[in-house]
Amino acid sequence: MLQYLRISVVSLILSINLRQACNLVGTSIQPTVLVHGGSGNIADIKLPKIRLGVKRAARIGHDVLQRTGSVLDAVEQAVNSLEEDINFNAGYGSALTYESQVEMDAAIMHGAQLEAGCVSLVRDIIHPITLARRIMENTRHRYLAGEGAMRIAAAEGFDILPKGALVTTASLESLAKFKKILNKTGGSNSYGSPGTVGAVAVDACGNVAAATSIGGITGKLPGRIGDSPVLGAGTYADNESGAVSATGHGESIMRFNVVSRVLALVHHSNCTIQQAAAQVLGEMTKRFNETAGIIAIDHRGQLGIYFTSQRMSWAYQRGAELHCGVDPDEDEFENVI
Ligand code: ASP
């Protein structure tokens with residue numbers, strides 16, 4: 001317990017340090033929160049609820065950013081709202097393993113000090129992204145999985161739900177469908193459970209943060225971990241380049257190190273973040289014949305939204321403008337003030 005209290009004091013100092021000194025004179029970055037709700041073949045029938053969910057999350061994140069000035073709070077709370085939404089594959093709404101269990105992964109990162117927290121294989125909590133943040137702030141490690149992560153959840157006072165509380169009728173139906181396809185195809189063409197969620201944010205000083213949370217892929221083997229919680233694969237943030245959250249074929253995203261390649265291109269070439277996203281995802285899709293999508297914000301506030309999958313839901317708020325899309329080249333716009 002004493003050790004835990006000592007770590008909490010350290011975490012207070014850490015959170016103060018995370019706010020990079022900011023001289024606003026001469027900056028023209030508009031604080032922005034950009035979210036995604038997963039990539040893949042999203043069925044038409046699901047679109048109205050998906051659009052609503054991503055727009056709500058972008059607005060919540062933006063509101064938090066305006067009120068607290070914290071990009072970390074903004075991405076965490078934007079993702080929290082998607083973890084609570086049954087229409088996404090994260091928190092409540094998570095996909096099931098082959099054995100009908102929920103095993104969730106998440107990562108959160110702040111670009112000022114490259115501070116990060118990651119969790120894998122956690123169960124019976126609604127907000128894995130908040131647990132990832134607690135691990136970053138209140139432990140001497142940056143990545144915990146399974147039982148060890150669940151102990152931190154209990155110590156941090158998370159509501160531990162009764163076993164099976166996160167299993168929904170929809171996730172059971174998807175698993176049954178997956179097993180049928182698996183039997184027919186013997187494993188090929190059986191990937192997919194769109195609905196991973198993620199958020200990236202930038203403040204007026206160029207501080208960036210990223211967060212990604214996922215319930216896993218339907219029918220995965222117990223213990224499987226995807227790209228989402230792996231820094232540099234599915235999640236990364238660095239004030240010297242930008243913040244990225246990925247979604248799509250996790251095994252390929254990890255092997256290709258997608259988000260670190262995007263940020264490296266931005267850092268070491270004249271590429272815009274959108275060009276970098278298109279180049280890296282194009283190459284990944286060519287190499288592995290699998291698809292993915294990313295949302296990204298560079299440290300100057302430029303946005304990157306790109307996917308090689310059929311669809312990816314996304315939304316962002318910047319000032320009074322709320323933008324949203326699902327299909328390639330779609331950009332639906334509304335004024336929210
Ligand atoms: N990238 C996720 C994973 O493989 C899946 C997804 O985003 O659709 O765990």
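**Close-up views of a predicted model**

**View 1. The side chains of serine 213 and glutamate 83 are joined by a polar contact of 2.6 Å.** A polar contact is a pair of N or O atoms within 3.5 Å; within protein, one must be able to donate a hydrogen and the other to accept it, and residues adjacent in sequence count only if both atoms are side-chain atoms. The model is predicted: local features need pLDDT of at least 70, side-chain atom pairs count only at pLDDT 80 or more, and totals for chains, interfaces and linings use all residues. Residues are numbered from 1 along each chain as its sequence is written, and side-chain values use heavy atoms, with hydrogens and water left out.

**View 2. Serine 213 sits in strand 6 (residues 208–214).** Strands (E, at least two residues) and helices (H or I, at least four) are DSSP runs, numbered from the N terminus. Serine 213 counts as buried because its relative accessibility is 1%; buried means under 20% relative accessible area, exposed over 50%, partly exposed in between (1.4 Å probe, protein chains only). Leaving out residues up to four places away in sequence, serine 213 touches residues including Val79, Glu83, Asp105 and Thr196. Contact means heavy atoms within 4.5 Å.

**View 3. Helix 3 (residues 71–83) and helix 4 (residues 128–138) cross at roughly 150°, their axes coming within 8 Å.** Helix 3 is therefore roughly antiparallel to helix 4, a term for angles over 145 degrees. Axes are lines fitted to C-alpha atoms, for helices over the stretch in contact, and angles run from 0 to 180 degrees between N-to-C directions. Among the residues that meet are Leu72, Val79 and Glu83 in helix 3, and Pro128, Ile129 and Arg133 in helix 4.

Definitions and conventions. Parallel < 35°, antiparallel > 145°, perpendicular 65-115°, else oblique.
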